[in-house]
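Trainee: I'd like to learn how to read side-chain features in a model. Please take me through them one at a time.

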Amino acid sequence: MNCVTEFQRLYQRDPEGISFCPYRVCPMGAHSDHQYGKITGLAIDKGIHIAYRTKRSGIVELRSLQFPKRAQWHIHSVPEKKENDWADYLRGATMALAKNHPLKVGLCGVIEGSLPIGGLSSSAAVIIAFLSALAAVNRIQLSGREMIDIALEAEKDYVGVSVGKLDQSCEVLSRKDHLLYLDTMDDSYELIPTNPNMKPYEIAIFFSGIERTLAGSKFNMHVDEAKSAAYALMAYSGMEYGKFEEARLRAVPREIFEQYKGQLPENWRKRAEHFYTEFERVEKGAEAWRRGDLEAYGKLSFESGHSSIYNWETGSDELKKLYEIMTQTDGIYGGRFSGAGFKGCCMALVDPAYKETIARTVTESYLKEFPLLEGKYSVHFCHSADGVCL
């Protein structure tokens with residue numbers, strides 16, 4: 001691994017350990033976890049590695065092979081406010097971990113991502129890989145639930161992105177050859193094994209060539225529009241409601257939405273429409289997976305992508321084009337853009353027998369539309385994987 005080689009070059013010694021957190025894909029359930037919806041997801045066999053070693057001084061010193069700037073802070077004096085660089089996620093993770101666990105030592109480390117950044121929850125993955133390393137050197141045992149909650153707190157409270165639990169849960173709870181079926185309202189979940197009668201599949205990642213950051217996108221605004229829809233529907237229907245920040249569409253029955261949706265501003269209505277239809281798609285998708293019906297599951301994933309574009313109203317021109325090409329390519333069961341959808345990548349479940357044809361067809365069609373992205377656009381094929389090993 002490159003992170004090990006670079007660690008040896010920088011510190012003239014071997015790392016004590018290597019932490020790894022997989023990336024994730026979410027074929028259905030995107031843009032609903034922050035409203036306490038249901039999701040289905042898979043961890044993949046690509047992700048974030050960190051080669052690390054204890055620093056008795058309490059200093060955390062990190063380098064990333066993806067970013068030029070070195071980051072450094074002390075475990076007991078993390079900057080109160082983010083510094084607007086790649087290491088903010090890890091400063092926030094240090095602060096969140098220290099709230100309930102005494103930190104005695106820091107670490108030095110080198111971070112390596114095995115795929116381009118954007119759409120695969122690399123922010124959650126680097127937080128979880130870092131938390132695994134920092135907990136290990138401090139001899140802290142974290143449960144899966146603690147890991148999810150600490151990673152979520154770092155991203156929401158310190159970095160300021162209004163994410164739900166989708167990313168962290170997929171990267172911690174997933175198991176190879178199983179579909180994670182999670183209810184983000186009560187954290188109950190099921191790992192649905194791949195039906196022995198299911199057709200073979202692999203996971204394709206089509207990276208658009210454009211990287212993005214959630215904090216600077218419209219992500220938070222769309223979340224607020226969904227919460228506003230929930231708050232208004234509660235008021236229209238006479239439901240009891242409390243603080244705006246506690247409002248979630250999951251608390252509002254579908255019948256209430258259907259009765260009062262005409263009174264909502266158009267953007268609020270669209271966000272709610274996505275939530276309710278996505279909720280139904282996830283439930284149908286879990287049953288399709290249980291039956292081994294990959295065609296039905298894939299079709300629902302394509303429908304999820306369509307709703308994300310037209311109801312959630314996200315997706316850059318590049319990702320919309322990738323999605324459109326995918327829907328017209330033989331051998332692709334289904335897919336959608338991955339992550340927030342403003343930039344990044346699309347994921348698809350594909351028939352392995354068509355891999356070469358799929359890669360060629362999608363690449364040629366995409367670069368015909370965006371020729372300047374040649375050399376930045378890329379295709380990767382992955383398998384499902386276990387979540388982080390704690």
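Trainee: Let's start with glutamate 280: what is its relative accessible area?

Mentor: Glutamate 280 has 35%, so it goes down as partly exposed. Keep in mind that this is a predicted model, where local features need pLDDT of at least 70 and side-chain atom pairs count only at pLDDT 80 or more, while totals for chains, interfaces and linings use all residues. Residues are numbered from 1 along each chain as its sequence is written, and side-chain values use heavy atoms, with hydrogens and water left out.

Trainee: Which residue forms a salt bridge with glutamate 280?

Mentor: Side chains of opposite charge can pair when their charged atoms come close. The cut-off here is a side-chain nitrogen of Lys or Arg within 4 Å of a carboxyl oxygen of Asp or Glu. For glutamate 280 the partner is arginine 254, and their closest N and O atoms are 2.6 Å apart. This pair links distant parts of the chain, since glutamate 280 belongs to helix H8 and arginine 254 to helix H7 (residues 254–260), 26 residues apart. Helices here are DSSP runs (H or I, at least four residues), as are strands (E, at least two), numbered from the N terminus. Arginine 254, at 22% relative accessibility, is partly exposed too.

Trainee: How many salt bridges does that rule give?

Mentor: The count is 28. Glutamate 324 is partly exposed at 34%, whereas lysine 321 is buried at 18%. Some bridges share partners: Lys69, Glu83, Asp85, Asp88 and Arg91 are joined into one network that way. Inside it, arginine 91 and glutamate 83 bridge with their closest N and O atoms 3.3 Å apart; arginine 91 is buried at 2%, but glutamate 83 is partly exposed at 41%.

Trainee: And rings? How many aromatic pairs are there?

Mentor: You describe a pair of aromatic rings by the distance of the centres and the angle of the planes. Rings of Phe, Tyr and Trp (its six-membered ring) pair if their centres lie within 6.5 Å, and planes under 30 degrees apart are stacked, over 60 edge-to-face, the rest tilted. This structure holds 14 such pairs. One of them is phenylalanine 275 with phenylalanine 279, tilted at 45° with 6.1 Å between the centres. They are 4 residues apart in helix H8 (residues 266–291), so about one helical turn separates them. Phenylalanine 275 is buried at 2%, and phenylalanine 279 is buried at 17%. Ring pairs also link them with Phe257 and Tyr276 into a cluster.

Trainee: Where does the charged end of arginine 248 sit?

Mentor: Over the ring of tyrosine 36, 4.8 Å from its centre. The test asks for NZ of Lys or CZ of Arg within 6 Å of the ring centre and within 35 degrees of the ring normal. Lysine 355 passes it over the ring of phenylalanine 381, at 5.2 Å.

Trainee: Last one: how many disulfides does the structure hold?

Mentor: A disulfide is a covalent bond between the sulfur atoms of two cysteines, and the cut-off is sulfur atoms within 2.5 Å. The count is 0. Cysteine 346 has its closest cysteine sulfur in cysteine 345, 7.0 Å away, so that is too far for a bond. For cysteine 108 the closest is in cysteine 3, at 13 Å, again too far.

How values were computed
Buried < 20%, exposed > 50% of the residue type's maximum accessible area, 1.4 Å probe, protein only.
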